[in-house]
Amino acid sequence: MLYVPGTVDCTPAEAGYDESRIAVLHKHFGKLMDENKIVCASYCVSRRGKVFMHGAVGPVSYKEGETRAYKPTDIQYIASITKIFAAVAFMKLVEDGLVRLDTPVGKVLPQFDTPPFNGITAFHLLTHTSGMHPDGGVFENKYYVQYWDHISRYMKIYKPEDGEFDWLTAALAGHPRKAVGEEWQYCSFGTVIVGAMIEKLTEKSARAYIMDEIVKPLGMAHTSFDLTPETAANHVIQNKWQDEYLSGIINGKEPTGEDKLWDKIPNLGSGLESNARDLITYGNMLLNKGRLNGVRIIGRKMLEKMTTRALFNVPSYSWGANDKDRLFGIGFDMRQGPAFSYSEGTFNHEGSGACALYMDPKEEMAAAFFVPFKDDKWYDDALFNTLNIIWSGLI
């Protein structure tokens with residue numbers, strides 16, 4: 001099995017970790033690759049702010065016979081992990097006095113200042129309790145038209161001479177599914193709305209705000225919203241579609257037509273590219289009360305608010321669940337249960353396709369890993385079993 005070690009700050013023993021568990025982790029990844037569930041895998045784990053295990057296994061591409069190794073510095077789409085960057089960005093505006101969690105969205109974005117949307121607040125968007133329709137696939141409904149589809153239809157008739165590109169009004173043709181606060185239902189579009197609020201409040205691109213206020217100050221050199229020919233050439237190739245997309249960037253293909261319009265939408269529900277080491281930098285800032293290496297990103301009280309349980313007795317039936325009391329913070333997942341062995345109070349976010357970033361304050365440990373799936377299915381053993389192996393090494 002191909003394996004490339006990454007840089008570390010100390011040994012597993014110095015971090016209070018059983019080094020033999022790393023071999024178990026590699027064996028697990030090898031099994032997933034043999035079963036054609038994942039293309040490859042990478043990981044980075046730190047304790048008390050120091051990285052003690054870091055590496056990548058498998059080939060960099062899905063292509064049969066690929067001999068190039070996946071390197072720890074290679075980047076990958078982090079999908080919904082982007083949401084916790086959006087949440088921190090919004091809470092920075094809260095601590096600066098520009099907005100509050102209980103601020104009605106319609107007070108910032110006038111398109112929401114009308115029923116049935118005028119009861120939605122920023123809190124509801126960041127906790128997936130706005131009632132707005134969830135992502136496609138969360139519930140089975142072949143007749144549902146997603147917010148993105150409403151926007152796409154609007155794009156086909158929009159002309160610049162018509163004035164402002166009002167994608168928000170177009171999207172809101174799709175009405176909510178539930179009453180505000182009634183149910184936890186995973187809605188990525190809610191974080192897009194958070195992005196629009198950030199733009200209105202800061203008068204700058206939400207992506208630029210995150211880069212300027214979070215990513216760059218932390219020195220996360222491998223993290224960005226926009227791929228360049230250089231970064232695209234050092235990217236995991238997960239499938240044929242991604243291969244064609246990356247090749248276009250490498251060859252200098254410029255966005256045209258609708259692509260330019262899509263770029264106007266602050267899709268903070270996803271969008272960032274990164275690697276495991278950069279994500280650990282972000283995770284350690286979160287564990288270190290909003291500061292890292294002398295740089296302040298956000299205040300301690302804001303992070304305490306975000307990583308404390310925010311929902312009580314709110315059910316979730318997303319993806320077939322029957323959870324009567326969904327644990328969730330402000331932007332952060334806080335699930336507990338029989339599937340997991342991390343400490344109570346651990347906060348996290350996963351990304352589809354798949355990747356994860358988990359922070360365990362009790363153990364002062366952060367873990368980031370990528371397990372790029374070979375297809376559109378979801379493999380719980382690639383995520384949950386990996387977590388249990390990583391946490392099993394704590395001494």
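Helix H2 (residues 82–95) packs against helix H12 (residues 276–287) at an angle of about 40 degrees, and their axes are 12 Å apart. That makes H2 oblique to H12; angles under 35 degrees count as roughly parallel, over 145 as roughly antiparallel, 65 to 115 as roughly perpendicular and the rest as oblique. Keep in mind that this is a predicted model, where local features need pLDDT of at least 70, side-chain atom pairs count only at pLDDT 80 or more, and totals for chains, interfaces and linings use all residues. Residues are numbered from 1 along each chain as its sequence is written, and side-chain values use heavy atoms, with hydrogens and water left out.

- Helices (H or I, at least four residues) and strands (E, at least two) are DSSP runs, numbered from the N terminus.
- Axes are lines fitted to C-alpha atoms, for helices over the stretch in contact, and angles run from 0 to 180 degrees between N-to-C directions.
- Where H2 meets H12, Ile84, Phe85 and Val88 come from H2, while Leu279, Tyr282 and Leu286 come from H12; contact means heavy atoms within 4.5 Å.
- Sorted by class, this contact of H2 with H12 has six nonpolar, no polar and no charged residues. Here Ala, Val, Leu, Ile, Met, Phe, Trp, Tyr, Cys and Pro count as nonpolar, Asp, Glu, Lys and Arg as charged, and the others, Gly among them, as polar.
- H2 also crosses helix H8 (residues 206–215) at roughly 80 degrees, with the two axes coming within 10 Å. That makes H2 roughly perpendicular to H8.
- On the H2 side of this second contact sit Phe85, Ala86, Val88, Ala89, Lys92 and Leu93, and they meet Tyr209, Ile210, Glu213, Ile214 and Val215 in H8. The residues of the contact of H2 with H8 split into nine nonpolar, no polar and two charged.
- H2 is largely enclosed by the rest of the structure, because 13 of its 14 residues are buried. Buried means under 20% relative accessible area, exposed over 50%, and partly exposed in between (1.4 Å probe, protein chains only).

- In helix H5 (residues 147–157), the buried residues are Tyr147, His150, Ile151, Ser152, Tyr154 and Met155.
- Their cover includes helix H6 (167–171), helix H7 (188–202) and helix H11 (258–262).
- Thr129 lies in the loop between helix H4 (122–126) and H5, and Thr129 is buried, with a relative accessible area of 1%.
- Leaving aside neighbours within four places in sequence, Thr129 is in contact with several residues, including Phe123, His124, Trp184 and Leu311.

- The peptide bond from Pro115 to Pro116 is cis, with omega near 5 degrees, and Pro116 lies in the loop between helix H3 (105–108) and H4.
- Gly353 and Ala354 are joined by a cis peptide bond too, with omega about 10 degrees. You'll find Ala354 in the loop between strand S8 (347–351) and strand S9 (355–360).
- Asn36 is not a glycine, yet its phi is positive, near 60 degrees. At 44% relative accessibility, Asn36 counts as partly exposed.
- Ala79 isn't a glycine either, and its phi is positive at about 50 degrees. Ala79 sits in the loop between strand S4 (76–77) and H2, and at 1% relative accessibility it counts as buried.
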